[in-house]
Amino acid sequence: MVDIIQESNLNERAIRARDLVRETKLLNLARMANILIDLYGLEDAFQRIGKREGQEIEMRFPSLEGAFNFTLVSSKENFECRIGRARDPVAIIIINVKAEKAIKIISEIIRLPDGIVSILKIIPKYLTRKLKIKGSLIAAIKLCRCMMIGKNSMYKR
Amino acid sequence: MVNKLELGNRIIPYKILFECLETTGELIERILPENEIPSLSSGLKHTSKVIGDYIEKAGEGWPIIGHHFAFQAEYLSCFDCIPVCLEGISFFLSALLPDGVEKYYDLMSNRGHPFHTCSSQKGVMGMGFDGIIKFDALITPTAPCDNTVGSYQVYKHLKDTPLILPDMPFIRNVESYEYYARQLKDRLYELGNVIGQEPDFEKLKRHIEIENKVNTKELEIFELKKAIPCPVENLFNAWGAGASLFLSGRQEKLDFYDDVLEVARRRYKNKENYGGTEEKIRSIWPFMVVFFSLDLCEWLDREIGMSILFDIFNYSFTEPIDTSDDEKMFLGMAKRGMNYPMMKQSIDFYDPLIEDCVNLAKVYNADCFIFTAHIGCKQFGSFGQILREALRDEVGIPLLIIDLDVGDQRMTSLNHIKNKIKIFSQTLL
C-alpha cells in the first residue's frame with residue numbers, strides 16, 4: 001500500500017528517470033561483459049562448446065527487472081551478451097540477489113579462471129539459491145566458463 | 001517548496017552517465033588487477049565524483065548550462081551552475097551503453113535533422129526533444145564547424161532555450177585574441193543576465209589556476225610520450241578528452257593527471273610498456289579516437305602492440321593563463337579557447353595542422369598515422385589525403401584513412417575498423 005502511494009506521488013518524469021537509470025545498470029553490465037570477454041577472454045572454453053553451439057541461454061536478474069540472453073558460440077569474437085529474454089533457452093540462470101549484489105556475482109564469475117575448481121567455487125552460490133539454474137546445467141556451466149577470464153596473463157604479472 | 005527529485009530530473013542524462021560510471025567502475029575494480037588501465041579506473045572515479053556532485057547541485061536548483069566542448073567548462077565556474085557538455089554526453093554514453101544513444105540520433109533523424117550531421121550534438125538534441133534534459137541556457141563559440149552553427153540554433157528556435165554566442169574570429173593575431181577576450185567577458189555577462197547571476201571572476205580565477213596546474217602536468221605527460229616504449233596507455237587519450245569535457249577547472253582533473261603522471265613516470269623509469277606486450281607500432285591519430293568503442297584503444301595496446309601517442313584532444317600544447325588581472329586572464333582564456341583542440345585545426349587552412357603533424361611524427365618517432373574521417377566533420381574531408389602525401393614526402397610514413405561516425409557504430413562496425421587496422425599494421429611490420 002505504501003509503495004502504491006509513493007508511486008502515485010512520483011510524477012511521470014520521475015518514473016521515467018527511475019526506469020532509465022534502472023535500465024542503464026543492465027545495459028552497462030551487458031556492454032562491459034562484452035568488452036571484458038572480447039579483450040581478456042580466452043578461446044579454450046569456446047572451443048569446447050561443441051554440439052551446443054547455437055543454443056540460447058538466458059540470465060535473469062529479478063532485482064533489476066531484466067535479463068541477458070546469450071547464444072553459445074565456438075569463437076570468442078562471436079560472443080555477445082544481449083539485453084532481453086531469450087526466445088528458446090535451453091537453460092535459464094537466475095541471479096537471485098539484491099540489485100546492489102548483482103555486479104558482485106557477475107564479477108566473481110568473470111574473474112574466475114576457467115576450470116573445474118572454479119566450477120566448484122560457484123556451487124555454494126547454487127546451493128544457497130543465489131544462483132538458480134533451470135534447464136540444462138551443462139549448457140549453463142559452458143556459458144559461465146566462456147565468461148571466465150581469470151586465466152588471462154595479466155593476472156600473473 | 002523545492003522538490004529536489006524533480007529539479008534533479010532536469011538532467012536525466014547525467015543520472016544515466018553517473019550510473020554507467022559507477023557500474024563500470026565497480027566492475028573494473030572487482031575484475032581487473034589493480035595495475036591494469038590505471039587511466040580508466042582513475043578517470044571513472046573522478047568523473048563519477050564530479051557528475052554525482054552536479055546531480056546533487058541540480059537538485060538544489062542550480063541552473064543547467066549546456067555548452068560546446070570548446071567553450072571550456074571552467075569558464076562557467078564564475079557562476080553557480082551545472083555545465084553540461086553536449087558533445088561529451090553523447091559520445092561517452094555511446095562508449096558505455098551497448099547501443100549508445102542511437103535512439104536519440106534516430107529521433108532527430110526522424111524529425112528531419114540530416115543524418116550526416118555530428119552525432120555528438122545530435123544525441124543530446126534528441127534527449128532534449130525526448131524531454132529528459134532541460135537547459136536554462138546554451139553557450140557555444142561560433143566555431144568550429146557547420147554542425148555547431150546548425151545544431152545549436154535548433155534549441156533556440158524549437159525549444160526556446162536562450163543561446164549565447166561568443167563570436168570567434170578566424171584570423172589569429174593580437175587584435176583577434178583581444179576581440180575574442182571581449183566577447184568572452186561580454187557573453188558571460190549576458191549569460192549571467194539570463195540565469196539571474198552576477199559573474200564572479202575571482203572564483204573563475206581559482207578554477208583557471210587549477211587548469212594551469214593541469215596544463216603543466218599534461219605537458220610532462222607529452223614529454224614522457226617521447227620515450228620508447230610509450231609509458232602511457234592508449235586509453236589515456238580517451239579519458240584525457242573525458243577529463244577536459246567533464247572535469248575542467250576542478251580539483252578532480254588535477255587528481256586524475258596526478259594519477260596518470262605517477263604511473264607514467266614509473267613506467268618510464270623502468271622502460272616498461274603497458275599491456276604486457278612489446279610496443280611494435282607508434283601511431284598518431286590526428287583526429288578523434290573511436291568514441292563508440294573506447295575499448296579499441298585497449299585492443300590496440302594488447303593485440304596489435306600499437307601505441308596511440310596522440311589524438312586531436314591530446315596534442316594541445318597551450319601556455320598557462322596569466323591570472324594577475326582580469327584583462328590578462330581573459331586574453332589568456334581567448335588564446336586558449338582559439339587554440340583549443342579542433343578549434344585550432346578547424347578554423348584555419350590545413351597548412352599549420354600539416355606542419356604540426358609532420359613535426360609530431362618526427363619528434364615522437366611515429367611509425368604511422370590513422371585518420372578517422374568522421375562523417376560529421378566535413379571541414380576535414382580532404383585532409384586525410386593531403387596529410388598522407390605530406391607524411392610520405394616529409395617523413396616517409398604511411399597514413400590509414402577510416403571512414404566512420406565516431407559516435408555511431410552502425411555506420412562502420414568495430415570489426416570492420418579492427419580488420420582495417422590489422423591489415424594496415426601487417427604492412428608496417
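Trainee: Where is B:Ile37 found?
Mentor: B:Ile37 is in the loop between helix H2 (12-31) and helix H3 (38-59) of chain B. Helices (H or I, at least four residues) and strands (E, at least two) are DSSP runs, numbered from the N terminus. This is a predicted model, in which local features need pLDDT of at least 70, side-chain atom pairs count only at pLDDT 80 or more, and totals for chains, interfaces and linings use all residues. Residues are numbered from 1 along each chain as its sequence is written, with chains lettered from A and ligands numbered from 1 in the order in which they are written.

Trainee: What is phi of B:Ile37 near?
Mentor: Phi is near 40° for B:Ile37, a positive value in a residue other than glycine. Most residues other than glycine have a negative phi.

Trainee: Is B:Ile37 buried or exposed?
Mentor: B:Ile37 counts as buried because it has 25 C-beta neighbours inside 10 Å. Buried means that 20 or more other C-beta atoms lie within 10 Å of the residue's own, and exposed that 12 or fewer do, with C-beta atoms placed from the backbone.

Trainee: And why does A:Glu65 count as exposed?
Mentor: Because A:Glu65 has 12 C-beta neighbours inside 10 Å. A:Glu65 lies in the loop between strand E1 (56-61) and strand E2 (66-71) of chain A, and has a positive phi of about 55° although it is not a glycine.

Trainee: Changing topic, which peptide bond is cis, with omega near 5°?
Mentor: That is the bond from B:Ala143 to B:Pro144. B:Pro144 sits in the loop between strand E3 (137-139) and helix H7 (146-159) of chain B.
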